[in-house]
Amino acid sequence: MSIPSDASIIIGEPLTLQKIRAVAIDKQPVRLTDNVATLKKITDSHNFIQEAAERGDAIYGVTSSVGGMSDLEIPKDQLSLFQNKIFLDKKVGTGEKLSDADVRAGLLLRAASLAFGISGVRRELIERIILFLNEDVIPTMYSLGSIGASGDLVPLSYLAGMLRGLPSYEVSFKGEIINAQEAMQRLNVEPIEFKPKETLAIVNGTSVLTGVAANCMNQAKNLLTLTVGNNALFFQGLHASREAMNPFIHDYKPHKGQKFAARHMALLLDGSKLCRTESDGEHVHEKGKLIQDRYSLRCYPQYFGPIVDELVVSEDQVAIEANSVTDNPLIDVEAETTYHCGNFLGQYPSVAMDRVRYNLGMVAKYMDAQIAFLVAPEFNNGLPPALKGNMSITNMGLNGLQICGNSIMPLMLFYGQSLGDKYAVHAEMFNQNINSLGLGAATLTKESVYLMERYAAICLIFGLQAVDLRSYNKFSTYDPRPYLSGHTLALYESAMNILNLPFSADKPFIWNDADQNLDEYITAIVEDLQGKNRLTEVLPSFSMKDANIL
């Protein structure tokens, strides 16, 4: 479901992954809710904490120091000074800068968390973050520095520095790099001076790692949708049977993901004249050939079923985290108390990202097996070696493309190893003695997504060539459009339009090696995936949460 481009995303209402993408990538406007009860809750929690600070109540990070030094009491006359200094030691980020889209997602989630009204911040502070988003003023944050234990202390300290308007903090002002002081001047606003509890509310939280995770989740879903669409092209190129998708089979192994995967592929292949058409127990068997397809075809639902199931769990975990308060301590105004807690531990999105990386690797492993079938005459049911178009001895077909794919797939399997269960880190004087490494898990997933974008592009090129050649093999024309299933026809036409190529009955997609540069095709497909996403728009979503198939 797309978000109308002129709609404001409302802080104080539930955020979906689609809404996060709309703000992070499409830069849709944001506004604070006008719900009276919500706004009152924000004000009441702020007033409560200010009164408690004035009384000298014992509250972590307000009248005490923080972390392993929280046994130290802050004198009343230094409460303001303390709040406006405790983020400065966290200006230690290093590594690559996070993308503007990832930082925008982080700012959105921080504002959303504070808008629950149990963190003690002023409404003005939330509205300032909203102003930053709407004016496209983004603090520089770095990929290294957060262990996801007390949230994203280091990355979020850069948001605190920007809110304070300090000249030593760098920001992107509509794409121009300037310092935070100049940004405040251009926006014609005064820097915010933090009151008791507000600094802690800004820097304690999983907003950055969850923002990165949400962006990864959105793109991973798109890439899985495209890759399974590519696989439907492979099925048709290999002249495979649809028998293994029959619901009868999966009613007797009724994992939800398996049933979804089978029905989803049956939908993708519906109407194809390039597949064998077994149905209702009637076999179409060509004498001298295998009576059933090899495992990567026949076991597709059983292989992809767990991926579907785990995608649902990962989506839920990231979405719930994005709609959570990840601060400490939390304020219960009605009970007139505060609660010290650990909601800032980023374990859920960390585990979700480990799971997504693992499953992207498993998808690449599966597609590698399919490509190996496509290029080998011993297994591809009558297609040319290396899917050559012109069979001239001087042509090599898609040999080089397979090699490129082979260079990517093992990296994806390597990145698929988990991070959140490794490497004890007894940080901050043994106070943060367990950690999630959530930002590390999310940035590793960004690497997997980067690889998968290119791998999916490679798979699409194989798929286009395979169905052209199968069409010629069966119907003596290289134009497969009359014979493709409806959904893969839409994918085929979208891909050819993106590559600015004509449809031809006389030559396949790739004829001579010298006729095109395949690296340019890969780049064009990747650019579309990162931008307009025309390829996935024409396909039913592979996300069980988004598709109404079961």
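The legends below describe several close-up views of a predicted model.

**View 1. The largest nonpolar core and the residues at its centre of contacts.** This core has 154 residues, and those that touch the most other members are I126, L159, I202, Y300, Y455 and F462. Helix α16, which spans residues 438-475, supplies the largest share of the core, namely 18 residues. In soluble globular proteins, nonpolar side chains tend to be buried together.

View 2. When neighbours within four places in sequence are left aside, the residues in contact with I126 are I11, L32, I42, A111, L114, A115 and V121. Another core, which lies apart from the largest one, consists of 14 residues, including F48, A52, Y60 and I331.

**View 3. An edge-to-face pair formed by F87 and F194.** The whole structure holds 20 aromatic pairs, and one of them joins F87 and F194, whose ring centres are 6.0 Å apart and whose planes stand at 90°, so the pair is classed as edge-to-face. F87 belongs to the loop between α3 (79-83) and β3 (94-97), while F194 belongs to the loop between α7 (180-187) and α8 (198-203), so the pair ties together parts that are 107 residues apart in sequence. Both partners are buried, because buried means under 20% relative accessible area, and the values are 0% for F87 and 1% for F194.

**View 4. A stacked pair formed by Y472 and Y478.** Here the ring centres of Y472 and Y478 lie 4.2 Å apart and the planes are at 5°, so the pair counts as stacked. Y472 is partly exposed, with a relative accessible area of 41%, whereas Y478, with a value of 8%, is buried.

**View 5. An aromatic cluster.** One aromatic cluster is formed by F235, F260, Y300, Y303, F304, Y366 and F542.

**View 6. Two arginines placed over aromatic rings.** R454 lies over the face of Y450, at a distance of 3.7 Å from the ring centre. In the second example, the charged end of R481 sits over the ring of F503, 3.9 Å from the centre of that ring.

**View 7. The cysteine C299 and its position relative to M245.** C299 is located in the loop between α12 (295-298) and α13 (300-322), and its relative accessible area of 25% makes this residue partly exposed. Although C299 and M245 are 54 residues apart in sequence, the distance between them in space is 9.2 Å, taken from C-alpha to C-alpha.

Terms used
Residues numbered from 1 in each chain as written. Predicted model: local features only at pLDDT ≥ 70, side-chain atom pairs only at ≥ 80, totals over all residues. Heavy atoms only, no water. Core = buried A, V, L, I, M, F, W, Y, C linked by side-chain atoms within 4.5 Å. Buried < 20%, exposed > 50% of the residue type's maximum accessible area, 1.4 Å probe, protein only. Helix = DSSP H or I, 4+ residues; strand = E, 2+ residues; numbered from the N terminus. Contact = heavy atoms within 4.5 Å. Phe/Tyr/Trp six-rings, centres within 6.5 Å; stacked < 30°, edge-to-face > 60°. Lys NZ or Arg CZ within 6 Å of the ring centre and 35° of its normal.
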